[in-house]
Amino acid sequence: MFEHFGIRDVLSSIKKYRLIILIFLSLSVVFGAYRGLNKLMHQSSSAVNDPAHSFEVSSASYMINPKIKLDKDNTNIYRDVPSQTAAVLMTDFCKKYVFEGITNIYSNEEIFKNISYLDTEYEKPSDLDFEFLDDLFFSSQYENTMIIKLTAESHDSQFTKDVLNLYREYLEKEYAPTVNDNVDISYIDTVNQVVNSDKSVVAALIEESKDSNAASSTKKTSTSLNPVKVMIKSIAIPFIIAVTLCLIVIFLITLFNPTLNRETDFLAYDIPVIGEIYVHKKPKEDE
Amino acid sequence: MNFNMSYKISKSQKQKQSILYAAGYIHNIISDTDNKVFAVSSTLDNFNMRKFIITQISKNMSETYSCKVLNCFCSLENGSKPEYINKNSVDSVINVNLKNLSNVLDENRDKYDVIFVLLEPVNIFAQSLNCARLCDSAIMIERYLYSKYKEFEKSLMYFAENNINVSGVITYI
């Protein structure tokens with residue numbers, strides 16, 4: 001089987017079928033591009049047509065700097081201050097503060113409507129309490145830095161911003177003054193974005209914090225598709241599959257159907273090659 | 001500054017020179033042996049290419065040798081000629097039936113220095129093998145990347161069994 005098989009024969013076969021290979025690869029690229037465009041269009045249309053799959057997410061970042069002197073006895077305290085500050089915002093006391101604030105802005109019916117997508121036990125607006133805030137808000141230390149990140153979400157952008165602002169208000173006006181001698185809390189920025197996802201961003205953050213031992217959660221929350229990456233991925237994968245398939249088929253053809261490809265193949269039979277004719281123009285029937 | 005010193009010729013010149021090389025080799029075969037009637041066959045269905053190559057070679061050899069090209073065809077079941085015979089009407093190639101090939105060869109053997117007999121693939125047509133027995137030796141015309149080992153070996157085996165000498169192979173791509 002391998003008597004007339006070699007890498008040069010495979011390359012000769014690739015040269016022989018180069019047109020077919022080129023057509024096949026072009027078709028795979030076209031197919032990949034079509035799939036990528038389809039995916040991007042579906043994402044944008046689903047975001048517009050199906051608000052249930054898009055979340056309005058607002059994130060505020062704060063720098064936490066302890067004012068205590070750093071010596072070998074205090075290093076642990078220094079490292080834990082951001083996570084402790086983040087944990088304060090998840091306490092019932094903070095949630096009550098925020099709940100009072102949100103009920104001053106919105107009626108119970110409006111709040112009940114805004115959180116209707118959540119799986120809660122409230123049967124009517126009058127049943128509302130601060131517990132639903134667990135599903136709308138999450139705070140954590142950002143990686144191993146002195147930054148904490150406050151994340152609020154809902155399907156309504158103004159409601160999300162109002163919830164976040166109330167948590168910020170608690171942090172800046174209620175908590176910060178009490179620890180002002182020891183901790184300096186500085187506001188960095190706020191980011192508002194639309195996340196297209198079936199799964200809640202806050203729920204994902206809560207799950208991650210349960211999985212990891214540290215209080216921080218640093219996973220990227222945005223699940224919106226990057227168009228360039230989607231197109232590259234959509235084209236590259238079919239192209240690589242097409243190239244692999246072509247090589248496998250050519251390998252098998254060369255292996256099981258070997259052809260005479262060069263002068264030395266004939267010399268093995270003790271038959272001289274009289275001439276290698278270079279065909280410039282293929283002859284017509286009457287030529 | 002020219003870094004490429006390789007000699008460049010046009011494609012038509014390249015074709016002409018490659019045919020001249022083949023004609024020169026056949027000239028050497030004729031000089032070294034008594035062979036003058038060559039059966040030209042192939043493993044491929046490439047009648048036009050075979051005819052083109054052999055007519056070009058015979059044209060190039062005509063300065064030194066008088067050449068004749070015969071196309072030996074096998075009649076169809078109803079006795080008519082194959083369609084490609086009617087389509088090919090070049091004067092330099094004479095169509096000959098298997099039945100009268102022997103007579104034609106006897107008539108022309110003394111008149112011409114070299115006679116080429118174009119045959120269908122011997123590994124497929126038994127009549128071609130019968131025609132090849134009437135010739136002095138055989139020349140195969142094969143195409144790189146298309147001629148298969150299996151069919152080529154079968155042709156060589158048929159030639160060997162019938163004591164037909166194979167002078168060489170002309171290849172093209």
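This is a predicted model: local features need pLDDT of at least 70, side-chain atom pairs count only at pLDDT 80 or more; totals for chains, interfaces and linings use all residues.
The contact between the two chains draws on 29 residues from chain A and 40 residues from chain B. The size of an interface is often given as the accessible area lost when the parts come together. On the side of chain A, A:Ile274, A:Ile277 and A:Tyr278 supply 24% of the area buried against chain B, which is more than any other three residues provide.

Three elements of chain A, namely helix 1 (7-16), helix 9 (263-267) and strand 5 (273-277), each give two or more residues to the side that touches chain B. Strand 5 of chain A gives the most to this side, with five residues. Taken by residue class, the side of chain A that touches chain B divides into twelve nonpolar, seven polar and ten charged residues. Although charged residues are present on this side of chain A, the count of salt bridges between chain A and chain B is zero, whereas 13 residue pairs are in polar contact between the two chains, with both residues of each pair at pLDDT 80 or more.

Strand 5 of chain A also takes part in strand pairing across the contact, running in the parallel sense with strand 6 (residues 165-172) of chain B over four bridges. Within this arrangement, A:Val273 stands opposite B:Val169, which belongs to strand 6 of chain B.

Over all chains, the structure holds twelve aromatic pairs. The rings of A:Phe99 and A:Phe132 have centres 6.0 Å apart and planes at 70 degrees, and the pair is therefore edge-to-face. This pair links distant parts of the chain, since A:Phe99 lies in helix 4 (residues 92-105) of chain A and A:Phe132 lies in the loop between helix 5 (108-114) and strand 2 (137-141) of chain A, 33 residues apart.

Eight salt bridges are found over all chains. In one salt bridge, the side chains of A:Lys95 and A:Asp92 meet at 3.4 Å, N to O. Because A:Lys95 and A:Asp92 are three residues apart in helix 4 of chain A, they are separated by about one helical turn.

Conventions: Residues are numbered from 1 along each chain as its sequence is written. Chains are lettered from A and ligands numbered from 1 in the order in which they are written. Side-chain values use heavy atoms; hydrogens and water are left out. Contact means heavy atoms within 4.5 Å. Buried area is the accessible area (1.4 Å probe) that two parts lose on being put together, summed over both. A salt bridge is a side-chain nitrogen of Lys or Arg within 4 Å of a carboxyl oxygen of Asp or Glu. A polar contact is a pair of N or O atoms within 3.5 Å; within protein, one must be able to donate a hydrogen and the other to accept it, and residues adjacent in sequence count only if both atoms are side-chain atoms. Ala, Val, Leu, Ile, Met, Phe, Trp, Tyr, Cys and Pro count as nonpolar, Asp, Glu, Lys and Arg as charged, and the others, Gly among them, as polar. Two strands pair if DSSP finds at least two bridges between them. Rings of Phe, Tyr and Trp (its six-membered ring) pair if their centres lie within 6.5 Å; planes under 30 degrees apart count as stacked, over 60 as edge-to-face and the rest as tilted.
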